[in-house]
Amino acid sequence: MCGIVGYFGPPIGDLAAATATLLHRGPDLQRVEEGPGYGLGHSLLSIIGDVPIEQPIDSRDGRIVLAFNGEIYNYIEIRAADPAIADTTSGRSDTEVLVEGFAQTGRRIFDEANGMFAVAIYDRETQTGYLVRDRLGIKPLYYAQLGESLVFGSELRAVRKLTGLEPESDPEAYYSYVRFRYPIGERTFDRNIQMLPPGSILSWSGGSVIVRRFWEITPQPPFGGTYDEALSGVAELLDDSIRLRMRSDHSFCTFLSGGLDSSYLTSVAADTIAPLQTYSIALDEAEFDESLFSERVAELLATDHHPYLLRSEEYSESFAAFVEHLESPIGVPNQVALSILSRELARDHRCVLSGEGADEVFGGYGRIFLLPSDWELLQEARTSGADPAGIAEKFEARYGTSSFPDYPSLFIERYGYVDHAEAHELLEPFFGAAVIDAARLTIEHEIRELFDQFDDVDPFTRQLLVFQKLHLPGLLLRLDAASMFHSVEARVPFLDHRLVEFANSLPIEYRMRRLDTFDAAAAAGALSDELSEIHDVPKSLLKDVARSVLPSSIVDRRKLGFPIPPTYYSNRSTRVPVSGGPYSEWVRANLGLCAERGWLCER
């Protein structure tokens, strides 16, 4: 687990200085290598092997040079299945398997690789450079084109350092951030820099760039088995994913919130490591504090538990420091807490299991994933001309309107943390009205295009697939930034691509089981907010897998989602009130800090 930065093409910038900006990602060793047509910088956090393998690394035949950030969890199996790779590697490094695998099989090695990775490769023979990002986008990879040169890196700041370009604010990225918490698609906060899409390979040759997908979230052939067979399949794949992600030559721990996802990961890990170290955040406001639940799970599983009491004063100080580090806004308030918790566990550990992806894969956000039910009710009320359940009135109260031209329009309003009017108010100091309105059209168009990709599946499966493509990259970027700030590798077993593919083959009712009361409640006018976790069972498969090791008080409790009290972040970094309340104050504070540092340029 490391950080990478570099270029393909004519030399550009100070590569050593750019590599130095990634020291927090890899404090063990920094090394740069420059040759005709390429420059690679690597900052190492050693995880596998008694003696770290230095990067950049050459293939045995000298043709390929490679640097990568991440882990290939199944490198042992890849090596065992290929005698040619086995003959050219020591068996103690996933890096060796990756470079020799590419030298001998080319891009096919990434079809075999199970892991999280952002890879830079240069083929000296063909004078071709490659950038590769893992299937789900667990590890970030930024890039920028400057003439014939291509500059790339693990973080925005490293690419900025190497290019030497002044920040140029991307209004579409900032609009997307204000409404949806992160830049959607390939854009970043700097219009000169892009993000390589998940599951993609970029090829560079002579200044020309081509990006192709080698894997993508798609509808899978329907699973024809029973619920029990699906249950068995999920349990087997998930347990294998967890155990595969516990390969490490350094001590392991888990984030433990006391919710379903982290508790199940911890239960499997605790069977392998005794006593397992677990970490959680405690808050000094009881309404938001989950520490009681995490302590119960820790006691049940006999872990050595470390709750950390986070107070509002420390939160405020860490917030500003984190924005300074990112050189961009922070996604959501709990990302600061996650960074602080990573700092605490980094005193003793380098690897942590985290539960990201479970909700997106198994249907955990009921209020979003049941939204097609709301749409159906609204359409029925419109078609019949009668509305005895008062559906239109409920829509008016929730959204300020009951008139939506199509389903994506409803989703966009439901998914946004703030509406367009509030986003406009927050962005007015930085962009003109026409620019903000144009950004809205572009972002909303891209979301609509995602729905168009999945027209041939049922509305609920379509919503789940869209959410995986739309929401996961931003979620994973937040995890990477928070953990790697403190040299911690966060591993996400719920996003093993085998598990994601299997889950996406399952009927939606297997993942989001409706109770006998569901249809009657919907017919009586209950919308998704009133149906979720009351008349249905979100993540029903995952909950049933967990019942063998966890009590119902953990498995069936309502999802909280790591909330941070508004008092921790409101009225502290800004004295300017905004109409959207504490969350909008949080956003304005982020924008203000970025403007002060020159990353967000005022008009």
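Modeller: Let us begin with a definition: an axis is a line fitted to C-alpha atoms, for helices over the stretch in contact, and the angle between two axes runs from 0 to 180 degrees between their N-to-C directions. Please keep in mind that this is a predicted model.

Colleague: At roughly what angle do the axes of H15 and helix H20 cross?

Modeller: Helix H20 covers residues 459–484. Its axis and the axis of H15 come within 9 Å, and they cross at roughly 135°.

Colleague: What is the handedness of the crossing of H15 and H16?

Modeller: The axes of helix H15 (residues 371–384) and helix H16 (residues 391–399) come within 9 Å and cross at roughly 130°. These two helices are therefore oblique to each other. At their crossing, Leu-371, Asp-374, Leu-377 and Leu-378 in H15 meet Ile-391, Phe-395 and Tyr-399 in H16. The crossing of H15 and H16 is left-handed.

Colleague: Let us turn to single residues. Is Gln-335 buried or exposed?

Modeller: Gln-335 lies in helix H12, which spans residues 333–345. A residue counts as buried under 20% relative accessible area. Because Gln-335 has a relative accessible area of 3%, Gln-335 is buried.

Colleague: Which residue has its backbone nitrogen 2.9 Å from a polar atom of the side chain of Gln-335?

Modeller: Leaving aside neighbours within four places in sequence, Gln-335 is in contact with Phe-322, Leu-326, Ile-330, Arg-478, Ala-481 and Ala-482. The C-alpha atoms of Gln-335 and Ala-481 are separated by 8.7 Å, although these residues are 146 apart along the chain. The backbone nitrogen that lies 2.9 Å from a polar side-chain atom of Gln-335 belongs to Gly-331.

Colleague: What is the relative accessible area of Ser-339?

Modeller: Ser-339 also lies in helix H12. Not counting residues up to four places away in sequence, Ser-339 touches Phe-322, Ala-482, Phe-485 and His-486. Ser-339 is buried because its relative accessible area is 4%.

Colleague: Which strands are the edge strands of the open sheet?

Modeller: Six strands form this sheet in the order E2-E3-E1-E9-E8-E10, with antiparallel pairing. An edge strand here pairs on one side only, as is the case for strand E2 (29–35) and E10.

Colleague: How many bridges join E8 to strand E9?

Modeller: Strand E8 (residues 142–146) pairs with strand E10 (residues 194–195) in the antiparallel sense over two bridges. There, Tyr-142 stands opposite Met-195, and Tyr-143 stands opposite Gln-194. E8 and strand E9 (residues 149–153) also run antiparallel, with Ala-144 opposite Val-151. The number of bridges joining E8 to E9 is five.

Colleague: Which residue takes a positive phi in the hairpin of E8 and E9?

Modeller: This hairpin has two residues between the strands. The residue with a positive phi, near 60°, is Gly-147.

Terms used. Residues are numbered from 1 along each chain as its sequence is written. This is a predicted model: local features need pLDDT of at least 70, side-chain atom pairs count only at pLDDT 80 or more; totals for chains, interfaces and linings use all residues. Side-chain values use heavy atoms; hydrogens and water are left out. Helices (H or I, at least four residues) and strands (E, at least two) are DSSP runs, numbered from the N terminus. Buried means under 20% relative accessible area, exposed over 50%, partly exposed in between (1.4 Å probe, protein chains only). Contact means heavy atoms within 4.5 Å. A polar contact is a pair of N or O atoms within 3.5 Å; within protein, one must be able to donate a hydrogen and the other to accept it, and residues adjacent in sequence count only if both atoms are side-chain atoms. Two strands pair if DSSP finds at least two bridges between them. Angles under 35 degrees count as roughly parallel, over 145 as roughly antiparallel, 65 to 115 as roughly perpendicular and the rest as oblique. A crossing is left-handed if the near helix is turned anticlockwise from the far one by less than a right angle, and right-handed if clockwise.
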